[in-house]
Amino acid sequence: RARARDLERNNPYFARGLRVRSANIVGTGILATPQTGRDADDKLLADRWRLWADTTLCDARGRTNFYGLQALAMRCIDQAGEVLIRRVW
């Protein structure tokens, strides 16, 4: 893990490889499509998802949106071999 982090900091080819791999695997990220059977409920749930996922409300530190968190998690998996995600209510 320490060597991979050092490579990311000091080798631009390695850092670019991590970014490209994360972008190719995650893509646009997980997109929610509610299907309750009621159009009004589906629209309400989709709006609430967008309000939460497209803003920084989903990040405890308020730095990135949900899709950025997915990309960050994938990058950590590639770099360190694992990721720990903690849900904060």
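Me: Which helix gives the largest share of the lining of the largest pocket?
Reply: In this predicted model, the largest share comes from helix α4, which spans residues 66-80 and supplies 6 residues to the lining of the largest pocket.

Me: How much space lies in that largest pocket, and which residues are closest to its centre?
Reply: The largest pocket holds about 760 Å³ of space. Its lining is made up of 19 residues, and the closest to the centre are Cys-58, Asp-59, Leu-69, Ile-85 and Arg-86.

Me: What does the lining have by class?
Reply: The lining of the largest pocket has 14 nonpolar residues, together with 4 charged residues and 1 polar residue.

Me: Ok, switching to charges: how many salt bridges does the structure hold?
Reply: The structure holds 5 salt bridges. One of them joins Arg-75 to Glu-8, where the closest N and O atoms are 2.3 Å apart.

Me: Where do Arg-75 and Glu-8 lie?
Reply: Arg-75 lies in helix α4, whereas Glu-8 lies in helix α1 (residues 2-10), so this pair ties together parts of the chain that are 67 residues apart in sequence.

Me: What about Lys-43, which residue does it form a salt bridge with?
Reply: Lys-43 forms a salt bridge with Asp-47, and the closest N and O atoms of that pair are 3.2 Å apart. Both residues lie in helix α3, which covers residues 39-53, and they are 4 residues apart, or about one turn of the helix. Lys-43 counts as exposed at 55% relative accessibility, while Asp-47, at 31%, counts as partly exposed.

Me: Which residues are linked with those two in a network?
Reply: Arg-50 is linked with Lys-43 and Asp-47 in a network of salt bridges.

Me: And Asp-41, which side chain does it meet in a salt bridge?
Reply: The side chain of Asp-41 meets that of Arg-38, with an N to O distance of 3.4 Å. Asp-41 is partly exposed, having a relative accessible area of 29%, whereas Arg-38 counts as exposed at 57% relative accessibility.

Me: New topic, then: how many aromatic pairs are there?
Reply: The structure holds 4 aromatic pairs. In one of them, the ring centres of Trp-49 and Phe-66 are 5.2 Å apart and the ring planes stand at 80°, so this pair is edge-to-face. The pair links distant parts of the chain, since Trp-49 is in helix α3 and Phe-66 is in helix α4, 17 residues apart.

Me: How accessible are Trp-49 and Phe-66?
Reply: Trp-49 is partly exposed, with a relative accessible area of 24%, while Phe-66 counts as buried at 18% relative accessibility.

Me: Why is the pair of Trp-52 and Phe-66 tilted?
Reply: The ring planes of Trp-52 and Phe-66 are at 45°, with the ring centres 5.3 Å apart, so the pair is tilted. Trp-52 lies in helix α3 and Phe-66 in helix α4, so the two tie together parts that are 14 residues apart in sequence. Trp-52 itself counts as partly exposed, at 35% relative accessibility.

Me: Last one: which residues form the aromatic cluster?
Reply: One aromatic cluster is formed by Trp-49, Trp-52, Phe-66 and Tyr-67.

How values were computed:
Residues numbered from 1 in each chain as written. Predicted model: local features only at pLDDT ≥ 70, side-chain atom pairs only at ≥ 80, totals over all residues. Heavy atoms only, no water. 1 Å grid on protein atoms, 1.4 Å probe; cavity = no way out; pocket = protein on both sides within 12 Å on 5 of 7 lines; lining within 4 Å. Points joined across faces, edges and corners; volume = space filled by probe spheres on them. Nonpolar A, V, L, I, M, F, W, Y, C, P; charged D, E, K, R; others polar. Salt bridge = Lys/Arg side-chain N within 4 Å of Asp/Glu carboxyl O. Buried < 20%, exposed > 50% of the residue type's maximum accessible area, 1.4 Å probe, protein only. Phe/Tyr/Trp six-rings, centres within 6.5 Å; stacked < 30°, edge-to-face > 60°.
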